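Open the model in your viewer and keep the selection tool at hand. The stops below are meant to be taken in order.

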Amino acid sequence: MRDLRIGLFLGLRQIQQASLWTTLLIITVILFTFLNLVALSGILIGIVDGALDQVRSEALGDINILPLENETRIKETERLIDELKTYPEIASFSPRYTGLATIEANYKERHSLSDEPNIIAVNITGIDPIAEKETTELENIVGEGSYFDSTENGYILIGKYNIDRYAKQFGDVFNSLDNVYPGDTVRVTVGQESREFIIKGIIDSKADLVSVGVYIPEREFRRMFNRADYNANQIAIRLKPGYDEKVIRDKIRDSSLASLGKINSFTEDIPKFIIDVRKTFDILGFFTGAIGLIVASITIFIVIFINALSRRRQIGILKAIGITRRTIEFAYITQAIFYAIIGSGIGILITYYILLPYFQQNPIDFPFSKASLSISLNGMFLRSIALVTVTVIAGFVPAWMITKQNTLDSILGRK
Amino acid sequence: MKSITGINITKSYGKDELVTEVLRGINIEVHDGEFLAIMGKSGAGKSTLLYQLSALDKPTSGEIYIEGKNIADFSETELVNFRLFTLGYIFQDYALIPDLSAEENVLLPLLMRGLDWQTAKTKAQTALTSVGLINRDTNLPSQLSGGEQQRVAIARAVAGKPKIIFADEPTANLDSISGHDIIELLHDLHNKGQTIVMVTHESEYVEYCNRIIYLEDGLIVPEKCRLINPLPNYANTYLTTGSTL
Ligand SMILES: Nc1ncnc2c1ncn2[C@@H]1O[C@H](COP(=O)(O)OP(=O)(O)OP(=O)(O)O)[C@@H](O)[C@H]1O
Ligand SMILES: [Mg+2]
């Protein structure tokens with residue numbers, strides 16, 4: 001206790017009298033280590049989280065209802081919908097209907113039958129335009145053209161990967177429509193029946209799942225597919241802010257609705273490989289962070305070691321006049337803790353007030369994701385605790401090495 | 001009463017053929033309340049002897065008793081505590097802690113002794129007053145003259161009222177006026193009963209001492225030792241050599 005108090009006192013005085021440049025240097029090293037620790041893993045995770053968030057907001061919603069195993073559609077969809085309306089936590093939901101169709105474009109300009117037809121096979125989705133736009137961001141990700149107007153009939157939205165000029169990167173992996181623009185007419189064929197639709201807009205999402213889709217209003221879908229019942233293939237649910245999707249999912253699962261369809265939170269419907277990528281990035285972030293920590297600890301070690309070495313005589317004198325080794329070690333630990341706390345404190349402030357807002361406003365544009373910095377307050381504190389711990393060790397070891405030397409040798413500068 | 005008894009102290013450095021014998025069998029006694037000067041030419045082993053007598057170093061052979069305790073028996077912690085509570089040190093180059101003000105330098109060992117801040121501060125102030133530096137207490141060592149720094153060092157050494165004060169050429173870095181001030185301070189302390197062992201070159205200061213021990217090549221030279229102001233309790237048979245054995 002006495003050792004601690006006097007060590008603190010000595011340490012604080014040394015900080016006060018230390019050269020400004022040394023202080024700045026150490027704090028800068030710690031600051032950059034902290035930022036390296038936070039920013040790199042934060043961006044890596046942010047890439048995945050950005051992608052996940054897009055899938056959530058543009059496709060699946062917070063909770064996603066799918067047909068049960070061995071079923072093609074959700075049972076008693078009408079009853080299910082009525083029930084969902086009674087949940088106060090649910091902001092909106094959008095039933096979707098899917099079926100296979102072909103889409104042909106530019107068939108009027110096709111002069112000879114030997115010309116290759118401009119045709120693709122797609123999974124077409126019927127949506128309620130109003131429910132969909134309340135539930136997902138589909139309305140906001142229409143690139144060319146615009147979203148459905150609920151009063152009109154005969155319009156179609158086509159995902160960009162079905163359009164040649166967007167899908168070039170995929171080469172010949174799947175077919176796409178050449179030379180089609182909003183306003184053009186396409187022919188949609190289901191079985192024997194064909195109908196013409198005017199392209200209203202082209203969906204431009206970074207979530208592939210959305211960009212390969214083709215969307216028409218559900219009324220027209222039902223007519224084309226001759227669906228008598230209202231049983232949907234999928235229902236996307238958006239929760240009101242502040243509710244946890246897993247909690248509400250469990251609540252729905254506990255109700256009788258569980259017998260009608262498979263109720264999943266959106267993470268459960270994310271392909272497993274994305275979750276694996278996130279884990280991998282986590283580990284990568286951890287390793288780069290760990291290397292950063294090691295480099296920082298060595299730097300701090302060297303600075304404190306030189307500092308303590310240059311005060312070797314002073315340390316000898318302190319010991320000679322009866323100051324315990326523990327006290328002197330505490331003095332150096334105090335300095336190390338001071339530097340670590342200031343350094344990571346500035347780091348937290350920069351991350352919180354500069355980096356996070358900046359990346360939120362200017363997300364990095366990756367092909368499959370808009371990445372911003374993904375770092376929790378918790379994660380930041382964990383990292384600063386790691387940094388402080390490492391710094392303390394890096395401060396203690398040199399102090400220990402020098403205080404353990406012979407007192408007289410230290411005073412006389414021998415050896 | 002004997003403050004220090006040194007029996008057949010030797011100290012050598014190096015090993016095998018390269019061994020240097022710096023102290024070659026010193027017998028010495030320091031009495032309670034005595035002001036002892038150790039003199040001799042440069043390289044004679046004066047500092048080395050002082051380090052042994054003041055428990056800063058361990059002799060190669062021989063025994064040293066301080067206040068009746070064999071210092072070889074102490075653990076490292078006990079030794080640190082012993083130095084803290086019983087001994088005071090004054091070095092040639094003052095050896096102040098540059099990060100601490102004059103007052104804090106004096107304060108530090110007092111705090112280490114477990115005194116609370118207020119008591120320690122009062123004692124530090126008293127000690128600084130006694131060396132005439134009370135108005136410089138907030139100055140850092142670098143803001144003090146050499147003489148002033150040495151007076152702070154003396155205040156630091158005496159503030160805790162140690163049994164024995166050791167001083168290795170405390171005036172060597174000072175001009176003669178400052179040097180005299182320092183010796184006067186030590187003399188005052190001695191008059192109040194303080195035991196002091198001092199290494200010095202300057203023969204003009206020896207008149208303040210009770211006794212001089214003269215070293216040459218690691219040995220006491222009896223013919224050159226002198227009794228200046230014998231203590232009242234010195235027996236007639238007390239050896240002027242300082243070596244009672
Ligand atoms: N660590 C060491 N290794 C080898 N020789 C040493 C060592 N320390 C001191 N010596 C030698 O011991 C001898 C005595 O040294 P000491 O410092 O005791 O002399 P001194 O009488 O105090 O001299 P001065 O008046 O110059 O201070 C010197 O010859 C010195 O070279
Ligand atoms: Mg010497």
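The tour goes from domains to strands, then to a salt bridge and the chain contact.

This is a predicted model, in which local features need pLDDT of at least 70 and side-chain atom pairs count only at pLDDT 80 or more, while totals for chains, interfaces and linings use all residues. Residues are numbered from 1 along each chain as its sequence is written, chains are lettered from A and ligands numbered from 1 in the order in which they are written, and side-chain values use heavy atoms, with hydrogens and water left out.

**Domains of chain A.** Colour 2-55 + 273-412 as domain 1 and 68-260 as domain 2; these bounds come from an automatic or database domain assignment. Taken over C-alpha atoms, the two domain centres in chain A are 51 Å apart.

**Strand 1 of chain A.** Select residues 63-66, which form strand 1. Helices (H or I, at least four residues) and strands (E, at least two) are DSSP runs, numbered from the N terminus. Strand 1 pairs with strand 9 (residues 234-239) of chain A in the antiparallel sense, over three bridges; pairing requires that DSSP finds at least two bridges between the strands. Strand 10 (residues 262-265) of chain A also runs antiparallel to strand 1, joined to it by four bridges. Now pick A:I63: opposite it in strand 9 is A:I237, and its bridge partner in strand 10 is A:S265.

**A salt bridge within chain A.** Show the side chains of A:E245 and A:R56, which meet in a salt bridge at 3.4 Å, N to O. The term stands for a side-chain nitrogen of Lys or Arg within 4 Å of a carboxyl oxygen of Asp or Glu. A:E245 belongs to helix 8 (residues 245-253) of chain A and A:R56 to helix 2 (residues 20-60) of chain A, so the pair ties together parts 189 residues apart in sequence.

**Chain A against chain B.** Select the contact (heavy atoms within 4.5 Å): 27 residues come from chain A and 27 residues from chain B. The area buried between the two chains is about 2,500 Å², with carbon and sulfur atoms giving 64%; buried area is the accessible area (1.4 Å probe) lost on putting two parts together, summed over both. On the chain A side, A:F9, A:I321 and A:L408 lose the most area to chain B, together 23% of what that side buries.

Finish at A:R313. What does A:R313 form with B:D93? The two form a salt bridge, with the closest N and O atoms 2.9 Å apart. Three salt bridges are counted between chain A and chain B.
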